[in-house]
Amino acid sequence: MAEQSHSPQHDEPSTSAAPGRRRVLAYLLAAPTLAVGARFALDAADPAEAEAAVPSPPQPEELFDLGDMQNLAAAPTSGLITVRVHEDGTASFAVPRAEVGQGMTTAVAMMIAEELDLPLDAVRVSLADARPELLMNQLTGGSNSMRSIYRPVRTAAALARQRLIATAARQWGVPASELTTQEGVVSYGSGSSAKRAAYGSLAKAAASGQSLRVAAAPLKERSEFKVLGTPQNRVDALDAVTGRKKFGMDYEVPDAKPAMVRRPPTLGGTVRTVRNADAVRRMPGITDVATLKHGVAVRGETFGQCIDALRELDVDWGPGDVDGESDDSVERKLKAATPPMIVPPVLTKKLDAEFIFAFASNSPLEPDNAIADVREGRAEIWSSLKVPIVAQRDIATRLGLPQHAVTVHVVEGGGSFGRHLFHDVAAEAAEISQKMGKPVKLSWSRTDSFRHGRAHPMSVSRVRATYTGKEVLSYEQRHASSQTDFGHGLGEMITSTAAKLPVAGNLTFAETIFTLTQTTPYDFGVTTQLLSEVPLKFATGSMRNIYSPNVACARELMVDELARKTDRDPVEFRRSFLKDERLQAVLDKAAEEGEWGRSLPDGMAQGIALHTEYRGAVAILAEIDCRPETVGRKVKDGVTGPRVTKALIVVDAGFAINPRGLGAQMMGCFNDGLAMALTSSLHIEDGLPLEGSWDNYFYTRQWNTPPELRVIVMPNTGEKPSGAGELGVAPAFAAVACAYARATGTLPTRFPIDHAELAFEPLPREPSTPQSPTDGLDRAY
């Protein structure tokens, strides 16, 4: 459970300029009941200054980061998102972001409830359909949702409240300044002259005569907050635990029947011939068989019948895109592409290290799925999509339809981790529906998701630091990665804002994102971090935190090595070089609360790591047990893996909208980082991942989740939230790696640590006898 370091948070003094009663521009929109949209202006970054023996000049991310770029791109259309008040007294908001389990809808509901003075349960937050007019303002990624909509949504709600007060004052013939609001009711006076009006009774009158015009509204001071900054349960929690929450496959679309796809034995393989399509069409329950470029689709009355049909298909496959590639070949290419170091170790000592990070799957727990109904001249799609405008445009192009003829509904997803930035499954469902002339409910199998879904690229990170005495004079990091696909909308955002970026210059998509996200929080003198990507045609994508987990893990391991080489304690070493006061605070809190340096048996150790990104700061302290007798997952011949026994997360997320939700995010981040450090990876062999299900993709299990996991939310240090959804992944990865190095006395250089051990029997690529019930596809499907 998340803890606040002291309470109440809203009484904490601010360290930055507050909007206070600053009047923020908003729009009154023509509507049957009250509807208000808000304008948004980019807030300037305010990097902290630091003093050190060998100070490092500010890096681009410290001046202008990825979130700043996203805010800049979203600003022109932020006034087109609206808060509405209805005649039943409720408020609603169709948020142009995706809910994939991160609690975003709860945070938005809290903003509206706060500024409207409504009960939280009277606010309804839904997900907006694709709205092309929003341009770059309908993209969920980069931990940016709260940063970008916090002030616009509050402003729209504040103006709605102001409009309701003005309407009541006009009806009662009293000064608006003498009216108050509470729990969805406008009040005036007391005793026999008191007047009361519920919001619902005023909503229609408040909207009458309004047109699109600019108005101004004061925002509440933080000292006035009753909802924001307080721990709240998720607004969808009851539906989730009672099974009423609706995900993609829960939507009922007339005549939409289950569909699945038989896929090739290598990535990007094509269909040459389907030898028995007619026979499969005659199988029980099967209604259609259609050939796609990269697979064969079947539609049936049930998913079970679809699985039977997939097993029976006899397909001649063409070659794929990366048929000759395996872990070793990709690693060789990445090492060859790694840029050289620049700073020569003249009259100084140097420390060099190279770290290898395997491919990883960003499969969410919910299999990829989409519903598509494509008819003559129109199409309708239901799917969990983080960039629905791009999906709408691309699907329209593929179907040969104008964009306005394609309706894309965004539904809640059971996780994403970057997967839903891409619309692969929605586009495939649309293609199948068009070819069959019928609506379909397409679901990928688990094996589809792991083998043919998106993967986080393999990478190599080389680091060199030079030092003399107790001072670090230079720090260089060269990160080489298999190409990351940014063709999901974020690339377009970079293109649209490139001329306005103050730091990135004319860099490629990947280099721009790397530059705007990566920084070294230490004064290590001359500091450079460079990216090189190799254009291999793997199906890749941004996994939670994009480059940061691998880059930060390598960095924090090197920091520990530098501390060891200079004979200093890792915490004291970090403290002496830190640039940022907020990082200093979370480090001190973690060391104190986590009892840094406490005595542990041989084979056990603590590790600590820091990270700053998205204007947030976090420190994580982990304890690990690497003794042979540790109870853990059986790897091979009775050998067990290391066990993380205790973890502490200390997070400063600026203004914590919902400390309880923030704590849950950090717990999820920790489990992701733990998996990356110890167990989770894809083994690539001859153009295909060997992992084919959750039982052999070893994400963090119950046996390895630390029995003691605490989250401390630091006092609010700002008037607005930082990005937090991904903030804890990188330091979790790094803290576990650092703990492992100290427990074993060996610097780990390959991740995850047990990647070399193939602890499962891979599913077959392609059944040699399709009729056999023991062909392995019973587990794949």
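The charged end of Arg-454 sits over the ring of Phe-422, at 3.7 Å from its centre, where a charge counts as sitting over a ring if NZ of Lys or CZ of Arg is within 6 Å of the ring centre and within 35 degrees of the ring normal. Lys-246 likewise lies over the face of Tyr-251, 4.3 Å from the ring centre. These values come from a predicted model, in which local features need pLDDT of at least 70 and side-chain atom pairs count only at pLDDT 80 or more, while totals for chains, interfaces and linings use all residues. Residues are numbered from 1 along each chain as its sequence is written, and side-chain values use heavy atoms, with hydrogens and water left out.

The protein chain has 20 helices and 34 strands, these being DSSP runs numbered from the N terminus (H or I of at least four residues for helices, E of at least two for strands). Of its 781 residues, 61% count as buried, a term for under 20% relative accessible area, with exposed meaning over 50% and partly exposed in between (1.4 Å probe, protein chains only). Among contacts with a separation of 6 or more, 80% come from residues 24 or more positions apart, contact meaning heavy atoms within 4.5 Å.

A search of the whole structure finds 18 aromatic pairs; rings of Phe, Tyr and Trp (its six-membered ring) pair if their centres lie within 6.5 Å, and planes under 30 degrees apart count as stacked, over 60 as edge-to-face and the rest as tilted. Phe-225 and Phe-655 form an edge-to-face pair, with 5.7 Å between centres and 65° between the planes. Because Phe-225 lies in the loop between β10 and α6 and Phe-655 in the loop between β30 and α18, this pair ties together parts that are 430 residues apart in sequence. Phe-225 is buried at a relative accessible area of 5%, and Phe-655 is buried at 1%.

Phe-357 and Phe-751, by contrast, are stacked, at 5.5 Å centre to centre and 15° between the planes. This pair links strand β16, which holds Phe-357, with strand β34, which holds Phe-751, 394 residues apart. Both partners count as buried, Phe-357 with a relative accessible area of 2% and Phe-751 with 3%. Phe-751 is also joined to Pro-752 by a cis peptide bond with omega of about 0°, and Pro-752 has its place in the loop between β34 and α20. Elsewhere, ring pairs link Tyr-475, Tyr-522, Phe-524, Phe-573 and Phe-577 into a cluster.

Most residues other than glycine have a negative phi, and most peptide bonds are trans. Asn-545, in the loop between β25 and α15, has a positive phi near 90° and is buried at 0% relative accessibility. Arg-615, in the loop between β26 and β27, has a positive phi near 70° but is partly exposed, with a relative accessible area of 23%.

Turning to helix packing, the axes of α18 and α19 come within 7 Å and cross at roughly 45°. The contact is made by residues including Phe-670 and Leu-674 of α18 and Phe-733 and Val-736 of α19.

Finally, Ser-443 lies in strand β21 and counts as buried at 12% relative accessibility. Leaving out residues up to four places away in sequence, Ser-443 touches Met-249, Ala-259, Met-260, Phe-303, Pro-367, Asp-368 and Asn-369.

Note on methods:
Axes fitted to C-alpha atoms, helices over the stretch in contact; angles between N-to-C directions.
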